[in-house]
Protein chains: 2
Amino acid sequence: MPVDNEQTAQVAGGTGAARPGTRRPGGRTARTRAAVRDAVLTGLTEHGYSGLTVEYVAEHSGVHKTTLYRRWGGVDGLVADTLDLAGEDSWTPPDTGSLHGDLHALALEVVHSFADPATAAPSSAVIAAAFQSEPAAQALRAYYAERFTRCEVIVDRAVARGELPGPRSAIDGGALVRAAAAPLFFRLFITREGLDEPAADQAVAVALAAAHAGTFTRST
Amino acid sequence: MPVDNEQTAQVAGGTGAARPGTRRPGGRTARTRAAVRDAVLTGLTEHGYSGLTVEYVAEHSGVHKTTLYRRWGGVDGLVADTLDLAGEDSWTPPDTGSLHGDLHALALEVVHSFADPATAAPSSAVIAAAFQSEPAAQALRAYYAERFTRCEVIVDRAVARGELPGPRSAIDGGALVRAAAAPLFFRLFITREGLDEPAADQAVAVALAAAHAGTFTRST
DNA sequence: AGGCAAATGCAACTCCACTTGCGTTAGGTA
DNA sequence: TACCTAACGCAAGTGGAGTTGCATTTGCCT
């Protein structure tokens, strides 16, 4: 079953001005999308976002340049769509048996994923693309929103285990996980300090300390 | 006294291959730099980073296009140099009389600076530029490193007041302040959730809770 | 004051991202 | 099966970013 997750925003009028790719989600269209996204991924890992060009994707996907411009608008659209695909994986947060273990494993996943060019390229590419195109910003927002929603299980389990004061609903799990992740991305893209395991350790420690102090407990 | 803070990195050979701008920091050169940086600032606030073009800077600064390419290499270099200027201001961290007050004021400064396009544009522009050029990344790194060094006074004062366990050297002030700032930038540029005062409140609360739990105390 | 070289100005050129008009292919439907 | 049209392919063209060789200005030093 080929996926079809076109952005539902900005439909021109009520007259049904169909955007390309929405009316014929069948064979060729789906094949085109898959080929294009593969080419985008390899292009990103090879040349990075700033070095990725529409012409490159055209050559390496067998899809004509004009089609790429028509359906995706440009490099940023291509990258945004690629992230949409990446968001449809079956990833689940770690389950180590303790809150600290889960958060630490999660932080290490981030560290390692950004250490490997193949996985780091798409992620950082969209962050870069979001600066110059609203669709990319949208894709980025949606991606992380969904990721952190998946992560709330970690906190739910911790509450169930009695590691944090219950009930579940009283603690903002999303905020806790975000707090653990934020310093890592901050170091990566803002202060450009680079990532290592100590950084991950400290990020987790900060988030956990705040959690135990009740900082993420929702105010009634 | 005209400033001259050229990047000292990547000097080609030992034979003294002088880069433009280093041998004659006098009148015209300095005037050129000033005019260019003004034009970059107005260009950024008007069109944003993705809309800023070298030609625009040339027209609005009176400096010829060729000169801009020669001395700054391109848009990213222009933006990086502009941040270098911004880093030479006389900013000092807030001094409210309490650690919480200082951190909160600091967080609010971030929120408000990114709410105002005129101040937000240069900052976010360099973050974007750092994705495609090493000089820009360098400028970004230097800028925030210097900023957070200035902020360590906040923690020093708190220790002196007895708000945190001393001695000064035992606590990593930079890490504490970074912890308070990270969630804000994370929301701005990674999850693209936008900033508001509650976000600032929580960021400060998290950092403070971690500080009181001893998370930023240096291990001997 | 006078001379040297760095820094800038200038105009023409190259190259590539992006567009456009039209012909062709193939998915959906009767 | 046959038709219709969305989606794609193609080739030529356009515009602007970035480059190059040379003339001109202007700081700095003697």
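How many salt bridges does a search of the whole structure find over all chains?

Modeller: This is a predicted model, and a search of the whole of it finds 24 salt bridges over all chains. As a general point, side chains of opposite charge can pair when their charged atoms come close. I shall begin with the fold of chain A, turn to the pairs within the chains, and end at the interface.

Chain A contains nine helices and zero strands, so its pattern along the sequence is written α-α-α-α-α-α-α-α-α. Of its 220 residues, 48% count as buried. Among the contacts in chain A with a separation of 6 or more, 62% are accounted for by residues 24 or more positions apart.

One of the pairs within chain A joins A:Asp81 to A:Arg37, with the closest N and O atoms 3.9 Å apart. This pair links distant parts of the chain, since A:Asp81 belongs to helix 4 (residues 75-86) of chain A and A:Arg37 to helix 1 (residues 27-51) of chain A, 44 residues apart. A:Asp81 and A:Arg37 are both buried. The cut-off for a salt bridge is a nitrogen-to-oxygen distance within 4 Å, and the 3.9 Å of A:Asp81 and A:Arg37 is therefore counted.

A further pair in chain A is formed by A:Asp95 and A:Arg157, whose closest N and O atoms are 3.4 Å apart. Here too distant parts of the chain are linked: A:Asp95 is in the loop between helix 4 and helix 5 (99-115) of chain A, A:Arg157 is in helix 7 of chain A, and the two are 62 residues apart. A:Asp95 counts as exposed because its relative accessibility is 53%, where exposed means over 50%. A:Arg157 has a relative accessible area of 21% and is therefore partly exposed, the limit for a buried residue being under 20%.

Chain B has a salt bridge between B:Arg157 and B:Asp95, with the closest N and O atoms 3.4 Å apart. B:Arg157 lies in helix 7 (residues 134-161) of chain B, while B:Asp95 lies in the loop between helix 4 (75-86) and helix 5 (99-115) of chain B, so this pair ties together parts that are 62 residues apart in sequence. B:Arg157 counts as partly exposed because its relative accessibility is 22%, whereas B:Asp95, at 52%, counts as exposed.

Salt bridges also occur as a network in chain A, where A:Asp89, A:Glu146, A:Arg147 and A:Arg150 are linked.

The interface of chain A and chain B comes next. There, 32 residues of chain A are in contact with 32 residues of chain B. The area buried between the two chains is about 2900 Å², and carbon and sulfur atoms give 74% of that area. A:Phe131, A:Ile190 and A:Arg192 supply 26% of the area that chain A buries against chain B, more than any other three residues.

Across this interface the rule finds two salt bridges. One salt bridge brings together the side chains of A:Arg178 and B:Glu193, at 2.7 Å from N to O. Between chain A and chain B, four residue pairs are counted in polar contact, with both residues at pLDDT 80 or more. On the side of chain A that touches chain B, at least two residues each are supplied by helix 6 (117-129), helix 7 (134-161), helix 8 (173-190) and helix 9 (197-212) of chain A. Helix 8 of chain A gives the largest share of that side, nine residues. Sorted by class, the side of chain A that touches chain B has 22 nonpolar, six polar and four charged residues.

The structure holds zero disulfides over all chains. A:Cys151 counts as buried because its relative accessibility is 3%, and B:Cys151 likewise counts as buried at 3%. B:Thr32 is placed in helix 1 (residues 27-51) of chain B. B:Thr32 counts as buried because its relative accessibility is 14%. Leaving aside residues up to four places away in sequence, B:Thr32 touches B:Val63, B:Arg71 and B:Trp72.

Note on methods:
Residues are numbered from 1 along each chain as its sequence is written. Chains are lettered from A and ligands numbered from 1 in the order in which they are written. This is a predicted model: local features need pLDDT of at least 70, side-chain atom pairs count only at pLDDT 80 or more; totals for chains, interfaces and linings use all residues. Side-chain values use heavy atoms; hydrogens and water are left out. Contact means heavy atoms within 4.5 Å. Buried area is the accessible area (1.4 Å probe) that two parts lose on being put together, summed over both. A polar contact is a pair of N or O atoms within 3.5 Å; within protein, one must be able to donate a hydrogen and the other to accept it, and residues adjacent in sequence count only if both atoms are side-chain atoms. Helices (H or I, at least four residues) and strands (E, at least two) are DSSP runs, numbered from the N terminus. Ala, Val, Leu, Ile, Met, Phe, Trp, Tyr, Cys and Pro count as nonpolar, Asp, Glu, Lys and Arg as charged, and the others, Gly among them, as polar. A disulfide is a pair of cysteine sulfur atoms within 2.5 Å. Buried means under 20% relative accessible area, exposed over 50%, partly exposed in between (1.4 Å probe, protein chains only).
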